[in-house]
Amino acid sequence: NRIINNLNLNLKLDRKTQLSLQYSAKYLLEAIDGDNLSGYTDVAGLELRRDLWGGFDIGGRVAQRHSWSSGSSDQLYSLSLGYVVMKNLWVNAGYNFGGYKDRDFSAADWTSHGPFISFRYKFDQQTVKELLEWSE
């Protein structure tokens, strides 16, 4: 059994700069070979992004995954370059200089050591309306 919660806050520091804060928590209760195991793991992270020119932006991220029951921790440090390909579509490429793998925390984000590419598409009521009008 797992209880998982994620909190993400985005703050616009000025017209070109955004700060994102993350705190994720997981409580695990599992039975392995008749032994009941439990533990608390959390991730705390911070990302700073700055718009450059012509749809480009640059960002840096730091995060730490901490397993309180085992006392282990893993750090993530990354730099990335983003680009707005078209309205509502953003592509981000970068490199994690550290990282971690956690099936519950890594599914929604790239957290492994090494290069990465991610895509984000804003999909809301207005986007659906525009797509339907375009397809007619």
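Accessible areas come from the Shrake-Rupley method with a 1.4 Å probe, and for residues only the protein chains shown count as cover. By that method, the chain exposes about 9,500 Å², of which carbon and sulfur atoms supply 58%. Please keep in mind that this is a predicted model, where local features need pLDDT of at least 70 and side-chain atom pairs count only at pLDDT 80 or more, while totals for chains, interfaces and linings use all residues. Residues are numbered from 1 along each chain as its sequence is written, and side-chain values use heavy atoms, leaving out hydrogens and water.

**The whole chain**

- The chain holds 1 helix and 7 strands; helices (H or I, at least four residues) and strands (E, at least two) are DSSP runs, numbered from the N terminus.
- Starting at the N terminus, the order of elements is β-β-β-β-β-β-β-α.
- The radius of gyration, taken over C-alpha atoms, is compared with a globule rule of 2.2 Å times the number of residues to the power 0.38.
- For 136 residues, a compact globule would come out near 14 Å, but this chain has 18 Å.
- Along the principal axes, the C-alpha atoms fill a box of roughly 60 × 35 × 25 Å.
- Of the 136 residues, 30% are buried; buried means under 20% relative accessible area, exposed over 50%, and partly exposed in between (1.4 Å probe, protein chains only).

**Strands side by side**

- Two strands pair if DSSP finds at least two bridges between them.
- Strands β5 and β6 run antiparallel and are joined by 8 bridges, with Tyr83 standing opposite Val91 in β6.
- β6 also pairs in the antiparallel sense with β7 (residues 114–121), over 8 bridges, and here Asn92 has Ser118 in β7 as its bridge partner.

- Asn88 sits in the loop between β5 (72–86) and β6 (89–96).
- This hairpin has 2 residues between its strands, and Asn88 takes a positive phi near 75° there.
- Asn88 is buried, since its relative accessible area is 19%.
- Not counting residues up to four places away in sequence, Asn88 touches Arg120, Tyr121, Lys122 and Thr127; contact means heavy atoms within 4.5 Å.

**Glu47, in a strand**

- Glu47 belongs to strand β3 (residues 35–51) and is buried, with a relative accessible area of 17%.
- Leaving aside neighbours within four places in sequence, the contacts of Glu47 are Gln18, Leu19, Ser20, Gly60 and Arg61.
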